[in-house]
Amino acid sequence: MNWIPDIFRSRKFHDDLSEEMRLHIEERTEQLLSEGMSLAEAKRQARVGFGNCTLVEERSREVWQWNTLESIWADVRFALRQLRRSPGFTIAAVLTLALAIGANAVVFSVMNAFILRPLNVPQPQSLYALQHGGETDGTESYPDYLDLRNRNRSFEDLVAYNVVQAGLDAGTDPSSVWVEEASGNYFDALGLQPYLGRVFHAADEHGPSSAPFIVLTYAYWHAHFQGDPGVVGRVVRLNKHPFTILGVAPQDFHGTLLFFNPDFFIPMESPLVAANDLTARGNRWVFETMGHLKPGVTPAQAVADLNSIGSQLEKTYPKDEGKMTFALVRPNLYGDFLGRPVRAFMAGLMLLAGLILLAACANLGSLFAARAADRSREVALRLALGASRKRILRGLFTEAVLISLAGGGVGLTGSVALLRAMSAWQPFPRWPIHIGVNPDAKVYGVAVLLALVSGLLFGAVPVRQVLHTNPYEVVKAGSASRMGRRMTARDLLLVVQIAICAVLVTSSMVAVRGLARSLHADFGFEVQNILLAETDLGMAGYSPDRVPAMQKRMIEAVAALPGVESVGLADGLPLGDGAGDALVFKDDTSDLRPSNAIAKPPVFSISPDYFRAAGTALLSGRAFTWQDDKNSPRVAVVNREFARRLFGSAAGAIGRYYKIRDGVRIQVVGIAEDGKYGSLTEDPQPAVFLPILQSPSNSTQLVVRSSRDPQLLAAAMRSALRQLDAGLPVLIEARDKPMDVLMFGPRMATVSLGVLGLMGAMLSITGIFGMAAYSVSKRLRELGIRIALGAQRREVLQAALGRAVKLLAVGSVAGLLLGVLASRVLAFVVYQATPRDPLVLAGVVLAMLLLGLVATWIPAQRALSVDPLILLREE
Amino acid sequence: MTDTISRDLFPGALEMMILESLRRQPAHGYALVQHIQQRSNNLLQVEEGSLYPALQRLLKAKLVKAEWGVSSTNRKVRTYQITASGLHRLEQQISSFERMFEGIALVLSPGKSAAN
C-alpha cells in the first residue's frame with residue numbers, strides 16, 4: 001500500500017520541486033554573473049540552459065501521478081472548469097442527452113418488464129404455456145385439461161388457472177375481489193412455498209366443491225388483513241360459501257398472468273366452480289395451462305406428445321372437440337394473444353427511442369464541433385506549446401464523457417421517477433392491473449452503457465478537426481477555413497429532424513384537440529350528474545327467482561334518497577362493459593342461419609326508468625313498464641339506426657317485429673336516439689334495449705341521476721343498499737369511469753405523442769442551436785468585418801443565421817404537411833381528431849416559430865454583439 | 001526540448017549517470033548537472049531541466065533520498081543521497097550496460113572480433 005502516503009506527500013514534492021528549480025536557475029544565474037555576464041543576459045541564459053520549466057515540472061509531476069487515475073482526475077477537473085465556463089452549452093448538451101437516455105431507459109425498462117423478465121417462479125426457463133395450434137388462444141375445458149395433464153409424458157406436471165370476480169365477506173365490508181381459480185397442484189408444480197401457513201395441494205381436491213380453501217396473495221394479506229398471521233384458519237364467505245384461509249403465497253408472486261394481480265387463489269374444485277363446469281367437455285373456461293418440461297424434453301417433442309393426445313381426444317369426443325393441436329409459448333403475457341402485439345409494439349418503441357438517441361448524438365456532435373471550432377486557437381496554442389494531440393483529444397473526450405454521464409444520470413433519475421409512478425399506477429380501478437415496470441440492474445447498466453457509447457460517439461465528431469489543426473497556420477492567420485455552401489449530410493439530418501418534430505407537434509395538437517372535443521361529444525346518453533352502482537346478486541347468493549324482486553327493491557331504495565331525480569337499472573351500459581350482443585333477423589326470415597342475420601347489435605336489458613335516468617332521448621313510441629314481464633309479449637326499444645336498417649325508416653318501425661336466433665318474434669314499441677356503444681370512433685351502430693324482466697341478469701348497474709354532491713350521494717346509496725343486504729358488494733362510481741378504458745388508448749396516444757413531440761422539439765432546438773452556433777463561430781471574423789464595414793443588424797443576422805432559418809422553414813413545412821396526412825391515421829384512434837382546424841394549424845406554426853426563436857437566440861445575440869475592433873485586434 | 005535526453009541517450013542512461021555521481025558523493029541538482037557535464041568533457045549536452053524528472057523517478061523508486069539543507073557556499077539546497085537499493089540497482093545497471101556495450105561494440109566492429 002505504498003501509494004497511500006504517496007498521494008498525500010505528492011503535493012509537498014511538487015512544492016519542493018518548484019523551489020528546487022527556482023534555486024537551480026538562481027544558482028546558474030549567479031554563476032553566469034560571476035563569469036561577467038550582464039544580469040539580464042545571465043537570467044536569459046540560465047533559463048535557456050534549463051529548458052521549458054513548465055514541461056519539466058509537468059514531466060516530474062507525471063512521475064508522481066498515481067497510475068493514470070490521477071491524470072484522469074486532472075483531466076476531469078480541467079474539463080469541469082471548461083464546461084463551467086460555458087453553462088449554456090453544458091446545460092443544452094446535458095438536457096438533450098438526458099431526454100434521449102431517459103426515453104431509452106423508460107422504453108427498455110418497459111420492454112424488460114414485458115418481455116425479457118420471466119415469471120417470478122423458480123426455474124422459469126423450462127416453464128411453457130399451452131396454446132392451440134394456429135390460434136392465439138389457450139383456453140381448455142376442465143376434462144380436457146385433466147386428460148392433457150394425466151396422459152402427457154413431457155411435462156413434470158401441468159397446472160391450470162382461470163380468473164374470476166367474486167364477492168368476499170370477511171365479516172366487515174363485503175367487497176368484490178379478483179380470484180385465481182387454480183388446479184390443486186398449482187403451487188407444488190410451480191415450486192412455490194407459502195410465506196405463511198400452507199398452500200393447497202392436489203390431494204385437497206376430491207371432486208366438485210370439495211376444497212373450499214383460500215391462499216391469499218401477500219399484497220392482499222397486507223392491505224386487507226394488516227399482515228395479521230392469525231388470519232390462517234379463519235373462515236370467510238366467498239359468494240356466500242364458507243372458505244377457509246390456508247395461508248399466504250410468497251411475497252413476490254402475483255399470479256401467473258403478467259400485470260394482472262389477483263387477490264387470492266382458490267382450488268378449481270371449490271364451491272365457486274359449478275359442478276357441470278368440471279365435467280362439460282365443450283366448455284372451454286380454463287384460461288391457461290402451463291408446466292415445466294421434463295429435463296431433456298424439447299418443446300418440439302412436447303408438442304408432438306400433446307398433439308397425439310389431442311387427436312385421441314378428437315376421436316373419442318367428436319361432438320365436443322374441434323381441432324386439437326398445440327403450440328408451446330412463454331406464459332408471461334398469455335402466450336401470443338398479448339405477447340405478439342406487445343412484442344411488435346415494444347420493438348417499434350425501442351426503434352423510435354434508438355432514433356431519438358441517434359439524433360441527440362448527431363446534435364451533440366455538431367455542438368461539440370462548434371465548440372472545437374471556437375477553441376481552435378486555444379487548441380493550436382496548446383499544440384504549439386508542446387501538448388500532444390493525444391492529450392488534447394483526451395481532454396475533449398473527457399468533456400464528452402462527463403456530459404454523457406451527467407446526461408445519463410439526469411435521464412435515468414427522471415426515468416426512474418416516471419417508472420416508479422407507472423408501477424404504482426392502476427390505469428383501471430375495476431381491474432387488478434399493475435404494470436410493474438420498476439427498473440432493475442439491467443436497466444441501469446443499459447442506460448450507463450448507452451450514455452458512455454453516445455458520449456464517445458459525439459465526442460468523436462471533432463476529432464478530425466483537432467487532428468488537422470496546424471498550429472502555425474492557425475496562430476498566424478486565425479481560423480481561415482470557411483463554411484461550405486453545399487448541403488451537407490448534417491444539414492439533411494437536421495431537416496429530417498425538424499420535419500419529424502413538426503409531424504409530432506402537429507399530431508399531438510390534433511390529438512389533444514380531438515380528445516378535448518370528444519369529452520363533450522354527444523354519446524346518446526349523459527355523463528354529468530350520474531352515478532353508477534354495480535352489483536352482482538350472484539355474489540350474494542341470490543337464486544334467479546329472487547333476483548327481480550331484489551332489483552326492484554334496490555331501485556326503490558335509491559330512488560327514495562333525497563336529491564335523486566331518477567333511477568334506472570341495466571345489465572350493461574353503452575361505452576361500458578357487461579352488455580352482450582345478439583343476431584337479429586327480419587320478421588319474414590325463416591332460415592335463421594347467422595349469415596342471414598341483418599345485424600348483430602349490442603343488447604341492453606333495462607328497467608322502465610332507464611332512459612330518463614341515463615339521459616337517452618326516446619324519439620317515438622313508449623318506454624318499458626314493469627308490466628313488460630315474462631308473462632307479456634316480448635317487446636323492444638331500438639335505436640334509430642336499428643330501425644333504419646331493419647325497417648327502412650324510424651317512423652315506420654313502431655309496432656313492427658323482428659326475430660332473434662331462437663325464432664322468437666319481438667315487437668318494437670319505441671325508438672331511442674343513436675349513441676356510441678362500443679367505441680368513441682365508431683360509425684352509427686344499431687342497438688337494442690329489452691325490458692329487464694323479460695331478459696333478466698344477476699349483474700347490473702344502477703344508473704342514478706342526481707345533482708347532489710356525488711360523494712354524499714354515494715355514501716347515502718351505499719348505506720341504503722347495505723340496509724337491503726349487508727352481504728352485497730357494491731361498486732359506486734361516476735358515469736365516465738367505465739369510459740376510462742375506452743379513453744385509455746386515445747389518452748395514451750395523446751400523451752405519448754405529446755412526450756415525443758416535446759422530445760422532438762428539444763432535439764430540433766439543440767440541432768438548430770448547434771448548427772447556428774457553429775456557423776456563427778466559424779464566421780465570427782467575417783461578421784466582424786461586415787459590421788466594421790457598416791452592415792445593418794438585419795444583414796448580419798441574415799449572414800449568420802440564414803442557413804439555419806432556411807433549414808427550419810423547409811423542415812417545418814414538410815413536417816406540417818406530413819402531420820396533416822398523419823392525422824388521418826390518428827382519427828382512427830382519437831375521436832374527432834381533425835387537422836383541418838385553424839387553431840391546430842396556427843398552433844403548429846407558432847410552436848415552430850417559437851422553437852426557431854429559442855434555438856437561434858443565443859447565436860443571434862453572439863453574432864450581433866461581435867465587436868469588430870476586438871476581433872481585428874486579436875487576429 | 002525535454003525529449004532531447006531520451007533521443008540522444010538510451011532510456012535510463014541519465015538515471016545511471018546520476019546514481020553513479022551520487023555514489024561518489026551526495027549532491028544537489030545543480031551540482032549534479034555540472035558534475036555530469038564536466039565528467040563527460042561536455043560531450044553530453046544535458047539540458048539542465050531534464051535532470052529533475054529523472055530525479056523524481058529515482059526518488060519515487062526510493063533509489064535516492066533527498067533532504068533540504070545548506071551547502072558549503074551557504075546556499076539553500078536540496079541534497080540527494082544514494083540509498084542501499086540505489087547502490088544495488090546501479091551495480092545491476094552498470095553490469096547490464098557493460099554487457100550491452102560489449103555487444104554493440106562487437107556488432108559495430110566485426111573485423112576486429114574476427115582478428116582476435
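A:Asp157 sits in a loop of chain A, between α6 (142–151) and β2 (159–169). The model is predicted. A:Asp157 counts as partly exposed, because 17 C-beta neighbours lie inside 10 Å. Beyond four places in sequence, A:Asp157 is in contact with A:Asn185, A:Ala189 and A:Gly291. The C-alpha atom of A:Asp157 is also separated by 8.7 Å from that of A:Lys294, 137 residues apart along the chain.

A:Met350 belongs to helix α11 (residues 335–374) of chain A. This residue, too, is partly exposed, because its C-beta neighbours inside 10 Å number 15. Setting aside residues up to four places away in sequence, A:Met350 touches A:Val107 and A:Met111. Along the chain, A:Met350 and A:Met111 are 239 residues apart, yet their C-alpha atoms are separated by 8.3 Å.

**The β19 sheet region**

Strand β19 (residues 665–672) of chain A is largely enclosed by the rest of the structure, because six of its eight residues are buried.

| Strand paired with β19(A) | Sense | Bridges | Example of bridge partners |
|---|---|---|---|
| β17(A), residues 635–639 | parallel | five | A:Asn639 and A:Ala672 |
| β18(A), residues 657–660 | antiparallel | three | A:Lys659 and A:Arg665 |

β18(A) and β19(A) form a hairpin with four residues between the strands. Within this hairpin, A:Gly663 takes a positive phi near 90 degrees.

**Nonpolar cores**

The largest nonpolar core holds 117 residues. A:Leu702, A:Val703 and A:Val704 touch the most other members. A second core is separate and has 104 residues, including A:Leu97, A:Ala359, A:Leu504 and A:Tyr774. In soluble globular proteins, nonpolar side chains tend to be buried together.

**The interface of chains A and B**

Chain A brings 20 residues into contact with 17 residues of chain B. On the chain A side, α1 (3–34), α2 (39–50) and α3 (53–64) are the elements that give two or more residues. Which of the elements gives the most to this side? α1(A) does, with eight residues. By class, the chain A side has nine nonpolar, six polar and five charged residues.

**Confidence**

Chain A has a mean pLDDT of 84, and 94% of its residues reach 70 or more. Confidence is highest in strand β20 (residues 688–691) of chain A, at a mean of 95. The lowest value in chain A falls in helix α16 (residues 471–477), at a mean of 65. Over residues 479–485 of chain A, pLDDT stays under 50. For that stretch, the model has six contacts beyond four places in sequence.

Methods. Residues numbered from 1 in each chain as written. Chains lettered and ligands numbered in written order. Predicted model: local features only at pLDDT ≥ 70, side-chain atom pairs only at ≥ 80, totals over all residues. Buried ≥ 20, exposed ≤ 12 C-beta atoms within 10 Å, placed from the backbone. Contact = placed C-beta atoms within 7 Å. Nonpolar A, V, L, I, M, F, W, Y, C, P; charged D, E, K, R; others polar. Core = buried A, V, L, I, M, F, W, Y, C linked by C-beta atoms within 7 Å. pLDDT = per-residue confidence, 0-100. Pairing = 2+ DSSP bridges.
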